[in-house]
Amino acid sequence: MAIDLQSRVRPADVPTAVHAAPTPSPWARGIAAVRRARRAPVVAVHLLALGIIVLGSRTALLDKSIRLDEAQSLWQTDHSYGYLLRLIAEDVHVPLYHVLLRTWRLVFGPDIVTARLFSLIFLLAAVPVFYAVARKCLSRPWAMFGLVVFACSPFLQWYGDEARMYSMLVFVTLVSQYFFLTVVTAGTTRAWVGYAGAALVGAYTHYFFFFVLASQGLYLLGLVLARRLPRGALVRMVAVAALVGVAITPWYLYFRANGSASGTRPSLPSPSSVDYSNVYSQFLFGFQSDAINTTVVSTWPLLVLAALASVRVANRLDRTMAYMIVAAFVPVLLAFVVSHLVSPFFLSRYMIAALPALLIVVLRFCSALSRPVGRTLAVCLLAVTITGTVVQAADPASPVKEDYRAAAELAEAARPQDVVVISSPFTIYPFEYYYDGAAKVTTLPEWNRQEAAPSFDPATMPAQVQSLAAGHQYVYLLLSYDQGYEDDIYQYFASNYELTASTSPSPGLRMLVYRVGYSEALPVGD
Amino acid sequence: MSRRPVAPSPSALTRAPDPHTFLRYVPNRAFLVGNVVLACVYTLVISFAFEHGNPVLFAALIATELFHLVQIIGYCWTVWGRDARRAFDPGFAAPVDVFITVCGEPVEIVRATTQAALAMRYPGPVAVYLLNDGLVAGKDNWREIEQLADDLDVTCLTRVTPGGAKAGNINHALSRTDSPFFVVFDADHVPHEDFLTEVMGFFVAEDMGFVQTPQFYVNQDQNRITRVAWDQQTLFFGPIMAGKSRLDSAFMCGTNMAVRRSAVLEAGGMCEENIAEDFLTSLFMHELGWKSVYVPKVLAEGLAPDDFLNYYKQQFRWTRGSLEVIFKYNPLLRRGLTVGQRLQYLLSASYYLSGSIIILDALLPIVFLLTGQTPVVTSTMTLALIFVPYMWINLYVLQRTSNFTYSFQAIAFSLSAWWLQLTALAAVLTNRKTSFAVTSKSTHDGARPNFLRLVVPQLVYVALGVVALAVGAAREGLSPSLMANLAWLAVHVGIAVPFVIAASPSRSPRSHRSARPALGSAPAAGPVARSTTSSAAPATPALQPAND
């Protein structure tokens, strides 16, 4: 007789088949009501989180200078819906946010503060959804703590107050993750419907959302291959993918018909390992100066200690937590690979959809440690988050700040016989939002703003500069968003004209004043 | 029927993890393949993709990475699958001698083991023997053991001629007994009633040499040391031994094993020339074509070393014995072993070379801080992008293959044992004798004695790190390279913290946590009663070479 040694091994715990929840009885509903009443602390933390977000917004961010991307949002949504769709199709984004923003501005006002409030609403709406997602992975106390960290996040605070689609992307991603987690644990039809709906909305919110969907698809495929989910789940996922494909096809065709954004794609280098690590550094610590950021990311070996500390008895990776890890890293990794293989588009703000998952992963790690160590680390995380937010808001050298308001105020010293030259040309939008001076404003390279932004030709630059300078006394040269020729322009001016003043209103922004005309005698004493 | 929801029972809320989980590992080959692939990619990248720095440091780094790569590949290969079907006869009834090796253990411990041995069910004749080495080892209670044997009506074989330690004790018994099979229990390893019925049937195969079962520590939750010792055992007696059994490389572990007399006699008896006599005897038996099997079922329960000194001695003994196998009985050169067996024995023994590797890794940040020299020149983040995923999946595979029974403390203790391993290596290379003693199994009152003397090297490392940090900071300020190496220093210090804490003294807690009750089938005599006699003053660490 042979004996199967494997029969001595009880099979590893296999998740039991999931069943739809039975319809609750009146008694059970009563119990649920009592439980709801016990959620006062949860409600209180929610209110605290909402208050933190609003406070942060009012205190430091809502009144900050308009940024380039915001100026673009305002300019685009100033047009009719039809023209707006054409502008977005010629751009590198999908239209849902812009359509909603235009509607919002028509109802509540056209200014930048009103536009930013629209983004703030999405961040506020993301608060309860984050809690719901976190509760699927963490205990109640840890999920509540995570909510506070979420609210204090410098990265979220920044983009929650920017007139762009990123807070909307966070909100939609969280909704998608909530339904996806329900799908992989309970598999109810309602969850699938919610998931499909969120996928449709997300696909029209930001292109990066497709990486979120891809990660979810890969994860679900892995579960099916490992026989943790029935094949029917894969069929449903394919159906959702097909539905998204059908929904996005009209836009895709329209996008292709309008040039595939060939003239408006940002000129970005292929991302490096530094860019990849900076994404997570900015997620956790916000936008800090190079010195601070470099110091922080250099301590990456501590992740090795964290990896060792995560080895704990009975600390199994359950299905929800495994997905959170996937959600925190795979979309960013996919974007990194695609940026190398297809076209570079690796910007940390595009990856914002991965931030909530990263927070949950970090909190889960802390919760799995011994109580004193875990709580200490959690407190440190909160302290670092708050510090990052405060420093980001207060530090004028924060790299993400673009103070076109200050630049415009400086340029208002220009007189009618002077000229303001903006380079790169598309930065004229945020500048013009604030500029109320007497001097003429033009761009270098020259741009009529009817066609795509012009390319730089070093051979024609001297002629263009001389043409701009002719008949003027001073050139107020505003340099920002280097497209690869900023130094050429700077060197030409420095070699040919007298620099009379220079200042840097914010990192990456330079205001240089050159004397180009001597027909006007200076008053005695100047 | 009432639909009122019932609150979960307290037992459900406070249920401890199942301590037999470590036996229920099911291989996930996707993760194993991924682990190996990432390890190979990392090693290739670190070897060829970066500009080389200091050549000596680079050579040292490559040596360490190759060692890690070999260990990872070897581990994944070992745990790739479990042993499958083996011939088994449930009616097997050949006579069996039960040897209980005794060398000074408290009488009550030996009594419990003996009573349990007498209570074992088996269709054939069973004779229980107490192998009493107390006299030759100079233990005071050797007469009490003889009295115990009389009380329980078992045979006591008291050696009068020393030599060979436990192996010699067993060989002495073999010369005075005649059953075709024998099983061995340490004095504290209490067998279950079904030990013989679960084990002996494998000898229906004519070429079966021995059968090994797990060593389960019933006092695993007693303190930090017992917990760590047990956590380390789960990896070995879980996926590793199951995998070795698949490769016909499961080796004897000194207790809880059944052996065919003719097989061990053909191999020259239990090897008396090596501290790890069981390991080496297994190799000799495999050389002769005998087979072995590991039964992944807890059939006996023993005691873990319960203080740092005993743990340290145990680890030293295992290290010394295993390293001797490499340098004196190189498995790669042994005829009669299959390729798989040669590699498996080499893998098991070479694990104890990791002390050299670990200290090399730990010294790299210090060398940089003191001299500015590095093994490679690359962006620290590029290295991070490759190393961090490799490390995380490596550790996850470790967790998963142990069925989540492994722990950070177990890893930390293993990594912190570098001085112990270096000392043992030096002793092997210089052929110095070292004394080794039976591991004390008595318990303390919860207080931790002071064994900081055993972790002086770790403390020296910390001090050296502080000095090196000051030098490095003075040289280049808070540069990214300095921060990265400071972080590495913190990693190595963090790993050493549990080890140092375990060696440091502490007061007894106000309330003790009681030892977990014996699990599995209880002996007929009832639950095991462990001695609570406090031990004598801790002996001087047996680190100095002993004169013969």
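1. Let's start with the aromatic cluster in chain A. Ring pairs join A:F155, A:W158, A:Y159, A:Y166, A:Y276, A:Y280, A:F283, A:F287, A:F329, A:F336, A:F346 and A:Y350 into one cluster. Keep in mind while you look at it that this is a predicted model.

2. How many aromatic pairs does the structure hold over all chains? The count is 69. One of them is worth a look up close: the ring centres of A:Y159 and A:F287 are 6.0 Å apart and the planes stand at 70 degrees, so this pair is edge-to-face. The cut-off for that label is an angle over 60 degrees.

3. Is A:Y159 buried or exposed? With a relative accessibility of 1%, A:Y159 counts as buried. A:F287 is buried too, at a relative accessible area of 5%. Buried here means under 20%.

4. Over in chain B, have a look at B:W418 and B:W419. Their ring centres lie 6.3 Å apart with the planes at 85 degrees, so this pair is edge-to-face. B:W418 has 12% relative accessibility and therefore counts as buried, whereas B:W419, at 38%, counts as partly exposed.

5. Back in chain A, two charged side chains sit over rings. A:K64 has its charged end over the ring of A:W158, 4.7 Å from the ring centre, and A:W158 is also one of the cluster members in point 1.

6. Chain A has an open sheet of five strands in the order β3-β2-β4-β6-β5, and the pairing is mixed. Which strands are at the edges? They are β3 (440–443) and β5 (498–503) of chain A, each pairing on one side only. On average, neighbouring strands of this sheet are turned by 25 degrees against each other, direction ignored.

7. Strand β4 (residues 474–479) and strand β6 (residues 510–515), both of chain A, pair in the antiparallel sense over six bridges. To find your place in β6(A), look for A:Y514, the bridge partner of A:V475.

Notes
Residues are numbered from 1 along each chain as its sequence is written. Chains are lettered from A and ligands numbered from 1 in the order in which they are written. This is a predicted model: local features need pLDDT of at least 70, side-chain atom pairs count only at pLDDT 80 or more; totals for chains, interfaces and linings use all residues. Side-chain values use heavy atoms; hydrogens and water are left out. Two strands pair if DSSP finds at least two bridges between them. Helices (H or I, at least four residues) and strands (E, at least two) are DSSP runs, numbered from the N terminus. Axes are lines fitted to C-alpha atoms, for helices over the stretch in contact, and angles run from 0 to 180 degrees between N-to-C directions. Rings of Phe, Tyr and Trp (its six-membered ring) pair if their centres lie within 6.5 Å; planes under 30 degrees apart count as stacked, over 60 as edge-to-face and the rest as tilted. Buried means under 20% relative accessible area, exposed over 50%, partly exposed in between (1.4 Å probe, protein chains only). A charge sits over a ring if NZ of Lys or CZ of Arg is within 6 Å of the ring centre and within 35 degrees of the ring normal.
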